[in-house]
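Please keep the sequence and the structure in view while reading.

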Amino acid sequence: MAIWRRILLIGFIVLLLAAAINALDVFPLPGDDAITENSKGFSGVLRLWISEEKSPSPSGLSTWLTKESAQFEKKHDGVYVQITPVSKETLASFSYAAELPPDMIVFSPGMLENAQGLTETDAARLLRKEFSDYADGLCTPVAMGAAFWAIREGIDPPLSGKTLLIDQEYAYSALYALKSDLNPQKTPGAGYGVDLGLPIYEHQSDDIIIEETGELRPGANSHVSENACISFINGEGDAAFVSNKALSTLTNAKNAPEFRIAVTGEIYADLLSLFAVTDTKTGEAREMCVRFLEHLLSEDAQKRLESTKAFSVTDANLYAGKRHYQEIEMNLSSSKVIPAPAFSDSENDTAEALRSVIHGESRLSDILSGMP
């Protein structure tokens, strides 16, 4: 009898276990569902196109983006960022000509005529306030460059009538920089430092009347150059308007003249790298693109920009102890930055407009009044 009781007891226990397992299938535990839901997410390849033309970095941003994508992939298992350098023409046609269109793009102002094919993102909280509503959230600056007057030692402002050398590549910034001749009598508050564009007159009295707003008048030998930096090193001009791309070249060139860098104050920045998410992905994939953007704007990622010689679009401090770059960064942090229009079809006209000003064929104020 004892054996039969044991057999019946074991059978009863087996029936109870079977009933419990069946109940779990019908009524799963809430905790298990929550764990499964939280672990779900996008996995796969995110394609990023970048055009390095007009890059704000002397060494290019592809290397930085590659390193940051590796950091990002470590945090997001199963996610891979594929970075492809393309020409600006290829990038501009991404929305209709690409067999495998990118999920994200990095480009410079003026490369796209409009925002067709881009989707709005919200990353403004991570940026300098000047960029907070940039292009209505359809693109986001992730790196910026500087442009400034390198003035040969022995040459003092005003620069009107002097031989000025201007890189064709930075014609847009140069047009705005020409609004000031750095003459303290005409432009109170102007001084030596770094310049990316528009002048600002910090200590100007209301009764001071400035004719032509301190407009700089280039000398007869001034010209737009394919490489103003090399011309300046060869002693061909009194001052050169160049970008931070040329700064290391000027600093390290054996035969370069001694130079200072000059500031007008307010900074016009067209040397930007802009990040945008395309409308090729939806849901979790698009959210992962936004997370990658947020990673690029993180403090650590922005500090790692130092290796590219580009500058932060946040308030990160990159260049402590590095003379000229630290000067640029101090001006970026203390001045107002005016970003160039993200979408434009007038990029190709600026070099010709600049030439007409230098040759005395047009007035700078007239040209600026007709520009966006």
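Lys322 is partly exposed, with a relative accessible area of 38%; this term covers values between buried (under 20% relative accessible area) and exposed (over 50%), found with a 1.4 Å probe on protein chains only. Its salt-bridge partner is Glu306, and the closest N and O atoms of the two residues are 2.7 Å apart. A salt bridge here is a side-chain nitrogen of Lys or Arg within 4 Å of a carboxyl oxygen of Asp or Glu. Both Lys322 and Glu306 lie in the loop between α10 (299-303) and α11 (323-334), 16 residues apart. Glu306 is also partly exposed, at 24%.

The model is predicted: local features need pLDDT of at least 70, side-chain atom pairs count only at pLDDT 80 or more, and totals for chains, interfaces and linings use all residues. Residues are numbered from 1 along each chain as its sequence is written, and side-chain values use heavy atoms, without hydrogens and water.

Side chains of opposite charge can pair when their charged atoms come close. The whole structure holds 12 salt bridges, including those in the table.

| Salt bridge | Closest N to O distance |
|---|---|
| Glu294 and Arg125 | 2.6 Å |
| Lys322 and Glu306 | 2.7 Å |

Helices (H or I, at least four residues) and strands (E, at least two) are DSSP runs, numbered from the N terminus. Glu294 is partly exposed at 24%, whereas Arg125 is exposed at 55%.

Arg260 is in strand β11 (residues 259-263) and Asp156 in the loop between β6 (147-152) and β7 (164-167); the pair therefore ties together parts 104 residues apart in sequence. Arg260 is partly exposed at 22%, and Asp156 is partly exposed at 45%. Through shared partners, salt bridges join Glu153, Asp156 and Arg260 into one network.

The largest nonpolar core has 73 residues, of which Leu48, Ile105, Phe107, Met144 and Phe275 touch the most other members. Such a core is a set of buried Ala, Val, Leu, Ile, Met, Phe, Trp, Tyr and Cys residues joined through side-chain atoms within 4.5 Å. Helix α9 (residues 283-296) gives the most to this core, with 6 residues. A second, separate core of 32 residues includes Ala147, Ile155, Tyr176 and Leu182.
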